[in-house]
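Welcome! Take a moment to look over the chain from one end to the other, and then we can walk through it together.

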Amino acid sequence: MGNCFVKSEKLTAEIIPRDVAKVYPTVRLYGSPKSILTTYIRFALLHKSVSLDFVPSSETLRDHFGSDPDGHVTLQVGSESVTGSREKVLRFMEARFPNLVTAAGGGGVEEGKLPVMVTLTRLQHKSMLWHVERVLRWAEDLVKRGGKKAVDPSVGSPKMEIRKFARSYSELLEVMMEHARMEETLLFPFFDRADRGLSKAAKEEHARDLPLMNGIKEIIKSVGVLDSGSPDFQEALYNLSARLKLLLGQCKQHFKEEEVDLLPLMEALELSKDQEETALDQCFDLMHGTHGRLLKFFS
C-alpha cells in the first residue's frame, strides 16, 4: 500500500501505478459483511488494483463451497479458491499476487507474528502516500498546461477540472483526518499505557500537518475563482504544487517515523487476540466514512 506510473494521454488524475497494468482475473470474496475478517481481507485487496467482486452473503458460501463460513472467508480467483483463517487467505493472496503486499516491508506473511493493526496502519499509510503523489502530479500537470484544457475531453473546462481537483483533495483530506483520529483514539493509548508519553511526538506531528493541509484547501478555493488565463492563476497553481510537495515530504517522514519507532512496539505490547479484534472493530467504526462511502478511494 516505489510508485511508478505508466505513460498516458490522460491527465495526471487518471494515471495509475505500473503494477496495475498487470492483468489478473476477477477476485471474488465471499463472507459476512459484519465479519471483521471479511472487512480486513476486503480492505487489503482494495489497496491493490485487482478487480474485486464482494459477495456479502454467508449463505452463498454454503451454496458454492458447502463449508461452514463461521470465522472464515472464501477467496476465489478464476478456478482457484481458498477458505480459511486470515493467515491461510493471506498466504494464498501472496502466492497468487506476488506484487500484493500484505505484510510489512513487502515480505511474506509470517503467521502470528504481525499484529493486525500494524498491517492495517501500514496499508493506510501506503494508500495515503499514493494519493498525495497522485494529487501532486495532477497539480504539476496543471502548472505545465498553464490553465489550458486537459488532453482528456471528459475533464471539461479548466473551471470544471479545478472543481474535480478540489473534490479529490477533499476526499484525501477526509481519509487523512479519519486515519489520524483512529491512531490517536486507538493506537496511541496502547502505547501510553505501556510507556507514558511514548506517542507524544507522533501526536505533535499530526498537529503540525493540519495547518498545511487546511492551507492547501484554501489555495484550491482561490484557484477556483481566478481567471484561468491570468498571471495570478498561474502563481496560485505554482503555490499549490509547492505546498503539495511539502505535504508529501512531511507525510513520508511522519509515516516512516511511526513505522520505524512506534508500530514495531505493538508486538511488545503482547495484546490478546480479543484485544486485537476489539481494536480492529473499533477502527472500522471510527473510520466508517472512509471505509464505507470512500472505500474505493483507497488504492
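Predicted model: local features only at pLDDT ≥ 70, side-chain atom pairs only at ≥ 80, totals over all residues.

Which element gives the largest share of the lining of the largest cavity? The answer is helix 5, with three residues.

If you follow the chain from the N terminus, the elements come in the order β-α-β-α-β-β-α-α-α-α-α-α-α-α. Of the 299 residues in the protein chain, 47% are buried. The chain exposes about 14900 Å², and carbon and sulfur atoms supply 50% of that area.

The largest cavity has a volume of about 40 Å³. Helix 4 and helix 5 are the elements that give two or more residues to its lining. The residues that line the largest cavity are Leu142, Arg145, Gly147, Lys148, Pro158, Glu161, Ile162 and Phe233.

A pair of aromatic rings is described by the distance of the centres and the angle of the planes. The count for this model comes to one aromatic pair. Trp138 and Phe165 form that pair, and the arrangement is edge-to-face, with 5.0 Å from centre to centre and 70° between the planes. The term edge-to-face applies because the planes are over 60 degrees apart. The pair links distant parts of the chain, since Trp138 sits in helix 4 (residues 116-145) and Phe165 in helix 5 (residues 158-194), 27 residues apart. Both Trp138 and Phe165 are buried.

Is Tyr169 buried or exposed? Tyr169 has a relative accessible area of 1%, and because buried means under 20%, this residue counts as buried. Tyr169 and Met213 are 44 residues apart in sequence, and their C-alpha atoms are 9.6 Å apart in space.

Next, move to the strands. Thr83 lies in strand 4 (residues 80-84). With a relative accessible area of 24%, Thr83 is partly exposed. Between the C-alpha atoms of Thr83 and His72 there are 6.5 Å, and the two residues are eleven residues apart along the chain.

Further along, look for the loop between helix 7 (231-262) and helix 8 (265-269), where you will find Pro264. Pro264 counts as partly exposed, at 36% relative accessibility.

Our last stop is helix 9, which covers residues 273-286. Which residues of helix 9 are buried? They are Glu276, Ala279, Leu280, Cys283 and Phe284. These residues cover an arc of only 135° around the axis, and therefore they are on the same side of helix 9. Turn to the other side of helix 9, and you will see that Asp274 and Asp285 are exposed.

Key. Residues numbered from 1 in each chain as written. Heavy atoms only, no water. Helix = DSSP H or I, 4+ residues; strand = E, 2+ residues; numbered from the N terminus. Buried < 20%, exposed > 50% of the residue type's maximum accessible area, 1.4 Å probe, protein only. Areas by Shrake-Rupley, 256 points an atom, 1.4 Å probe, with all protein chains shown as cover. Expected span 1.5 Å × (residues − 1). Arc of directions from axis to C-beta. Phe/Tyr/Trp six-rings, centres within 6.5 Å; stacked < 30°, edge-to-face > 60°. 1 Å grid on protein atoms, 1.4 Å probe; cavity = no way out; pocket = protein on both sides within 12 Å on 5 of 7 lines; lining within 4 Å. Points joined across faces, edges and corners; volume = space filled by probe spheres on them.
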